[in-house]
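This report examines a multi-chain model, from its elements of secondary structure to the contacts between its chains. The sequence and structure are shown first.

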There are 4 protein chains.
Amino acid sequence: MTYSIAILGASGYTGAELIRLLAQHPDMTITALGAHAKAGQTIAEVFPHLRHLDLPTLVKIDEIDFSRIDLCFCALPHKTSQAVISGLPDTLKIVDLSADFRLRDPDAYTAWYGNEHTATTLQKEAVYGLTEFYREQIRAARLVAGTGCNAATGQYMLRPLIAAGVIDLDEIILDLKCAVSGAGRSLKENLLHAELSEGYHAYALGGTHRHLGEFDQEFSAFAGRPVQIQFTPHLIPANRGILATGYVKGAADAVHAALTAAYSTEPFIEVLPLGEAPSTRHIRGSNFCHIGVVADRIPGRTLVVGALDNLTKGSSGQALQNANLMLNLEETTGLMAPPLFP
Amino acid sequence: MTYSIAILGASGYTGAELIRLLAQHPDMTITALGAHAKAGQTIAEVFPHLRHLDLPTLVKIDEIDFSRIDLCFCALPHKTSQAVISGLPDTLKIVDLSADFRLRDPDAYTAWYGNEHTATTLQKEAVYGLTEFYREQIRAARLVAGTGCNAATGQYMLRPLIAAGVIDLDEIILDLKCAVSGAGRSLKENLLHAELSEGYHAYALGGTHRHLGEFDQEFSAFAGRPVQIQFTPHLIPANRGILATGYVKGAADAVHAALTAAYSTEPFIEVLPLGEAPSTRHIRGSNFCHIGVVADRIPGRTLVVGALDNLTKGSSGQALQNANLMLNLEETTGLMAPPLFP
Amino acid sequence: MTYSIAILGASGYTGAELIRLLAQHPDMTITALGAHAKAGQTIAEVFPHLRHLDLPTLVKIDEIDFSRIDLCFCALPHKTSQAVISGLPDTLKIVDLSADFRLRDPDAYTAWYGNEHTATTLQKEAVYGLTEFYREQIRAARLVAGTGCNAATGQYMLRPLIAAGVIDLDEIILDLKCAVSGAGRSLKENLLHAELSEGYHAYALGGTHRHLGEFDQEFSAFAGRPVQIQFTPHLIPANRGILATGYVKGAADAVHAALTAAYSTEPFIEVLPLGEAPSTRHIRGSNFCHIGVVADRIPGRTLVVGALDNLTKGSSGQALQNANLMLNLEETTGLMAPPLFP
Amino acid sequence: MTYSIAILGASGYTGAELIRLLAQHPDMTITALGAHAKAGQTIAEVFPHLRHLDLPTLVKIDEIDFSRIDLCFCALPHKTSQAVISGLPDTLKIVDLSADFRLRDPDAYTAWYGNEHTATTLQKEAVYGLTEFYREQIRAARLVAGTGCNAATGQYMLRPLIAAGVIDLDEIILDLKCAVSGAGRSLKENLLHAELSEGYHAYALGGTHRHLGEFDQEFSAFAGRPVQIQFTPHLIPANRGILATGYVKGAADAVHAALTAAYSTEPFIEVLPLGEAPSTRHIRGSNFCHIGVVADRIPGRTLVVGALDNLTKGSSGQALQNANLMLNLEETTGLMAPPLFP
């Protein structure tokens, strides 16, 4: 049998990436595509690269008959997402790609996002969607909150180190370089090709990026004590990819051993041999995450470098991986395509 | 059952692209990877983006036991290719991606490539690999010659127009813009990022590009009279993609009708509505080819614009499409993945 | 003595380019910077790359005291430009970079731009700013209309050929590739780095690009008969540069001789040796234009390739070259900086 | 009067950048261009972007009559540079852009570069070319050693903080992102556009980059005790620019005050208002360096971000700034051109 799938917010980059992945999925069929401004358009108009696919025309969300839907992906902006999901049937399986259900504490949500949360019951119900660490909860969940793409990258690099107790929790720095699709399809001067292609910069400096809310929540809960990292994202003139360079205090071999052990059976996470570091060119368009460990010349200091595709493993690929679990399908279905290189 | 596949010249871009496509193919398994300088290396060393795959180590070509192989892809440089293929079992099915067997006339080969052809019997046997136009011959062939990537693009745009007699055969101009992976992995100053990324240029001007040999052969044979087009390739600061702008004399609606009719049942070739033109961003990483037709303001003149991915539909995807036919598999198997956007 | 200069529309790319050039000019001082939405901001806020310069704060245009100004550059959008210039003192020297005064015929203006021209007296007065061909008129002019960047490129390539009578006037094709700064600082999805950097396409196909109005006007007036060329612009993933490939019917040596003769004493136009073609990487950020000529393999057909920087020689550099003439300064002052490579 | 200048190693990127800058210098004339493999070629052949300049043909270094030369720039590879300079007249003023004379200690040189130093007397004589900090010594010097481009960036950010005693010397991390021209014109696979443009990565991880030799020497000498920083360079898909993110322990306002005080009269170094951070798009092609300071959310931790153009302020612009001093010219001559944006 084939599951019937709806995608809300189908006209953004994460929506396009979901359609790309689902088009090859043997057990899922896209039945409805919901949009706002672009409702009424065909997929060939919105995304000419998908014109060969036989897909429904985009419609307003309230025109969708959700009784026919087995699982719904929400790729809407935060704030919109909580309002829309509140109005969906409470038995519908949902994978939300927005930020609305990532933080469990309503106050933390307000602190990072500025607005009050208006769906706190759903917020309590939601399971955090970092598949490798919440696998069993996700399998049983009705509502899964996809993680931030930067938050996913940093957690893949650091969670096993916190778990293994091999690093100093008060001295963690994450210097992250994100390709521009991570900023979405929003129209801003500094996202124009003319300005970005020969210009890169740090942004949200000093601990103001919203994904820090996820790091704080997850690392503190996991460590059983408050953990605050330093995190600086940079915008890089490339389309896809996140490369994060982590500076930790701990022994490189212990760090490498902890990562190797944590991911030895994971299908998507590759720990490189000690001393090697990854590149975004080797994960593009795929659900894989590469992690490398290198000892610094200063004893007791170690570099951890992680790379993944922000739109795939950092967002839509992760969402599909979670959906597979929620529908009792093989977790890797539709996600094993190798990266595109060059 | 699964067919056993060898790839010779596995360490170039077309080799990598073949592995990427075959990794998802349900009926083919890569049994041997042949290389020259990189023999002895693992796939993770040569192509870190493929490190998650369980693939054989690269070996010298003469170490491969071809009796175990059902079909062999040759992604070697021209001249090397004819020498190597001459030494392979004469019952082995082969898809050659080099230029060695594209031209049927040994003199034409020497005129365009400079060297004598040393395997003229094989040259006679080879079938030209433009799938949509040689489908039945390819199905029956033992040795198929993959086309040039530029040659494929231009032929998809122009063959149906010659067939339908809707354009002036003496007034065809093809202004083509190719992304840099079309130049292969060769180390040249003008392929360095620092020089290319903010610099583009025409090359092989005035009718000196080798793919003109294919245009001359195919268009003349097809038209039953000599046809020579003007062809200017340009190198563009992008990784993948060919966009070709064709200037023809003929009525736009007749041109559009001829293309629409020719490709109405083709799975990979999309003719856009009259008046629309394609972009390389909509075919990247896929086996699809988009073609658009626009009338010029000068009556009787028409623009035809084609776009495909030089490494996929222009090379390795085409090779797999042909291999599927040669092994009596469904032609589209392993080739329906949508383009990567953005 | 130093001339006092105003720039209106200082916050766009051509405005920034004017400031960059004027900052090094020994005989001009920027006295006023006019803007609309960004009035009130300092130059460091609008253009951080100019923060080291001692420049006036941006003001509304009606706050500028034009009696102190010797020459005014208008880098406003068309339609706005004619309204603003109509309100300026009629003795003020003006170089307009918009499209408003390029076309001498009001009907042609309306046909290409859609709106009625509301300053037809000024339109009559304006001199077309293609310096090398209108030098004496520009020297005497009060109001000079800067050319379109594509229009400049094509005219540099083709005017001498029309003058010399060495090509067929009914068979001219100009296939042009423009970098993205040519589209200005406007916020459109297809100008986003994520969409453009790995995607290029033709636009305004079939003879609908507005710069054709200039080609028609200039070539026809010059030839003494109607001349209509075919012109297809393409948007390329680079920041600066125009590369235009011209297809003409005529002998290559006559074409080359005509260009060489026309530009032998020009300081900014370099005709390459016969058989060589230019690249945008060799003119970036400069006021130079490179032109090459190559014979096609088909007798009687010739390729002409031109390259210039759309923001410099195609726009702001040209404007300064004209301003130098209007102020009786050495024409090349402030414009001889070599291109930036790489 | 005009000084007569020679450039050795004229065919690399730093050589091209020197010629670009000198072409506009009122007091220097290029009299000789020395090269190795490209000797005998004209500048138009080696660098078509400089074809409009009246420059001597490239010659072998031993064909140059150095008695006519007032100052010589050496843009040769390290090791070659010390051999060549040893053979030059010992009264000739020299600015060396290689790594050969940056480290004062022969053992440190061997440790970082692998080979013995064969010109240790010259090594003792050489003055380290970080202009703002060695101005008086450079004015009096005969031989000046240009700094590494990364080393310059980091020192501009950190030296005033060490001097002011406002940061913890044992806890300095410098995460640096360098554009690809920093790797020179060398032909390597990972510098190809096809591989780099959508792929970025860290290299020389763990404290193995040679510019660390400079950091160690300078910071330790300056602090009067051993100082070792952590330094990770990354290769970014852009042509020009270095952006370095420094993580220090110290109060942001004290850090900002120290930088502001140190550079208040410097013509090329701009300290941004506290809380702002620079971008490479705002320094491209110029001799300016922008530095920003932002407080981290964790009390006592501060971010320092620096940006400069690796080929200009990081290399050839710095070299010219030093040459101006050595010839008793105004230090800023020929170096005040604003950045190129976009």
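## Basis of the description

Helices (H or I, at least four residues) and strands (E, at least two) are DSSP runs, numbered from the N terminus. This is a predicted model, in which local features need pLDDT of at least 70 and side-chain atom pairs count only at pLDDT 80 or more, while totals for chains, interfaces and linings use all residues. Residues are numbered from 1 along each chain as its sequence is written, and chains are lettered from A and ligands numbered from 1 in the order in which they are written.

## Residue B:A319 in helix α11

Helix α11 of chain B (residues 312–326) contains B:A319. A residue is termed buried if 20 or more other C-beta atoms lie within 10 Å of its own, exposed if 12 or fewer, and partly exposed in between, with C-beta atoms placed from the backbone. B:A319 is buried, because 26 other C-beta atoms lie within 10 Å.

Contact requires that the C-beta atoms of two residues, placed from the backbone, lie within 7 Å. Not counting residues up to four places away in sequence, B:A319 touches B:L18, B:F73, B:V95, B:L97 and B:G146. Of these, B:L97 is 222 residues from B:A319 in sequence, yet their C-alpha atoms are 7.1 Å apart in space.

Two strands are taken to pair if DSSP finds at least two bridges between them. In chain B, seven strands form an open sheet with parallel pairing, in the order β3-β2-β1-β4-β5-β7-β6. Its edge strands, β3 (58–59) and β6 (127–128), each pair on one side only.

Within this sheet, β1 (residues 3–8) and β2 (residues 28–34) of chain B pair in the parallel sense over six bridges, and B:Y3 stands opposite B:M28 in β2(B). In chain A, β1 (residues 3–8) and β2(A) likewise pair in the parallel sense over six bridges, with A:M28 in β2(A) as the bridge partner of A:Y3. Strand β2 of chain A (residues 28–34) is mostly covered, since six of its seven residues are buried.

## Helix α10 of chain B

Helix α10 of chain B (residues 252–263) has 12 residues and should span 16 Å at 1.5 Å a residue; its end C-alpha atoms are 17 Å apart, which agrees. The expected span is 1.5 Å times one less than the number of residues.

The buried residues of α10(B) are B:A252, B:V255, B:H256, B:A258, B:L259 and B:A262. Seen down the helix axis, these buried residues fall within an arc of 160°, so they line one face of α10(B); the arc is that of the directions from the helix axis to the C-beta atoms. An α-helix has 3.6 residues a turn, so residues three or four places apart point the same way. The cover over the buried residues of α10(B) includes α7 (149–164), β11 (242–249), β12 (269–271), β13 (289–295) and β14 (301–308) of chain B.

## Contacts between chains A and D

Between these chains, 39 residues of chain A are in contact with 39 residues of chain D. On the side of chain A that touches chain D, β10(A) gives the most, with four residues. By class, that side has 18 nonpolar, 12 polar and nine charged residues. Here Ala, Val, Leu, Ile, Met, Phe, Trp, Tyr, Cys and Pro count as nonpolar, Asp, Glu, Lys and Arg as charged, and the others, Gly among them, as polar.

A rotation of 180° with 0.0 Å of shift along its axis superposes chain A on chain D, with an RMSD of 0.0 Å. That is the relation of a two-fold axis. Copies are superposed by least squares on the C-alpha atoms of residues with pLDDT of at least 70 in both. Of the residues of chain A, A:P237 comes closest to the rotation axis, at 3.2 Å (C-alpha).

## Contacts between chains B and A

In this pair, 25 residues of chain B are in contact with 25 residues of chain A. Helix α1 of chain B (residues 13–22) gives the most to the side of chain B that touches chain A, with three residues. The residues of that side divide into 15 nonpolar, seven polar and three charged.

The peptide bond from B:F341 to B:P342 is cis, with omega near -5°, and B:P342 is placed in the segment after α11 of chain B. In chain A, A:N328 is found in the segment after α11 (312–326). Its phi is near 60°, a positive value in a residue other than glycine. A:N328 is exposed, with 9 other C-beta atoms within 10 Å.
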